[in-house]
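Student: Can you go through this structure with me? I'd like to start with the overall picture and then look at some details.

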Amino acid sequence: MMTGLLIKDLKLMMMQRNALLMVGVIAVMVVMGGTDPSFVITYLTFIGVMYTMNTLSYDGADNGNAFLFSLPITRKGYVVEKYVFGLLGGSVLCLFGAALTCVASAAKGAFSAPYILANVFVEFPLMMIILSILLPIELKFGAEKARIIIVVMTFLIFAIGVAVVKSGKSIPLALTNWFGQIEQKPELAAVAALAAGIIVLGISCRISIGIMNKKEF
């Protein structure tokens with residue numbers, strides 16, 4: 001069941017191969033332009049996750065979900081597959097971005113494996129959190145409403161950040177000390193970020209399954 005759904009989504013993704021090719025060309029141009037490698041890797045990782053959202057839109061088009069669930073596919077299995085596909089897509093494009101960065105850095109004589117690896121590792125918990133937010137929203141509200149909600153959420157987060165900075169209020173001392181310990185122990189930060197990403201992903205998956213079980217097609 002899982003394999004069949006993954007193949008379906010991969011074929012849907014390949015229907016957009018021209019757009020994927022354009023994404024690759026843009027990434028090459030950006031990385032050759034000397035942009036910070038973290039941007040290219042983050043950009044490609046985000047694109048990989050967003051293609052999962054596109055498969056949801058394709059599935060829902062022309063009452064496609066009604067046909068899909070007439071097959072021996074459970075709603076829980078469908079939701080879990082979307083998370084797996086999103087992680088796979090994001091991971092593949094993340095590694096592609098890292099490979100591009102390695103080649104460009106080596107060509108310029110500025111290759112730094114630890115820096116590139118650190119950027120790659122940071123993307124995994126970030127990818128999990130983005131997927132955890134976007135999937136339940138789109139499953140609940142649909143593609144069009146989800147885009148509006150995501151834009152509003154992004155604006156609110158930005159506005160809150162600006163307000164906090166302008167307020168001039170310092171971060172509580174305990175939190176400052178905690179961040180200081182994290183900076184001194186990057187391996188602790190890596191493990192904590194990965195663990196947080198997995199926990200958030202698990203909670204999100206449970207929420208998405210609940211949303212999917214209540215939907216009518």
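Student: Of the contacts in the protein chain with a separation of 6 or more, what share comes from residues 24 or more positions apart?
Tutor: Such residues account for 81% of those contacts, where contact means heavy atoms within 4.5 Å. This is a predicted model: local features need pLDDT of at least 70, side-chain atom pairs count only at pLDDT 80 or more, and totals for chains, interfaces and linings use all residues. Residues are numbered from 1 along each chain as its sequence is written, and side-chain values use heavy atoms, with hydrogens and water left out.

Student: How many helices and strands are there?
Tutor: The protein chain has 8 helices and 0 strands. Both are DSSP runs numbered from the N terminus: helices are H or I with at least four residues, strands are E with at least two.

Student: New topic. How much of the chain is buried?
Tutor: Buried residues make up 35% of the 217 residues; buried means under 20% relative accessible area, with a 1.4 Å probe and protein chains only.

Student: At what angle do H1 and H5 cross?
Tutor: The axes of helix H1 (residues 2-14) and helix H5 cross at roughly 50° and come within 10 Å. Axes are lines fitted to C-alpha atoms, for helices over the stretch in contact, and angles run from 0 to 180 degrees between N-to-C directions.

Student: And which residues of H2 meet H5?
Tutor: Gly-24, Ala-27, Val-28, Val-31 and Met-32 in H2 do, against Phe-96, Leu-100, Thr-101 and Ala-104 in H5.

Conventions:
Buried < 20%, exposed > 50% of the residue type's maximum accessible area, 1.4 Å probe, protein only.
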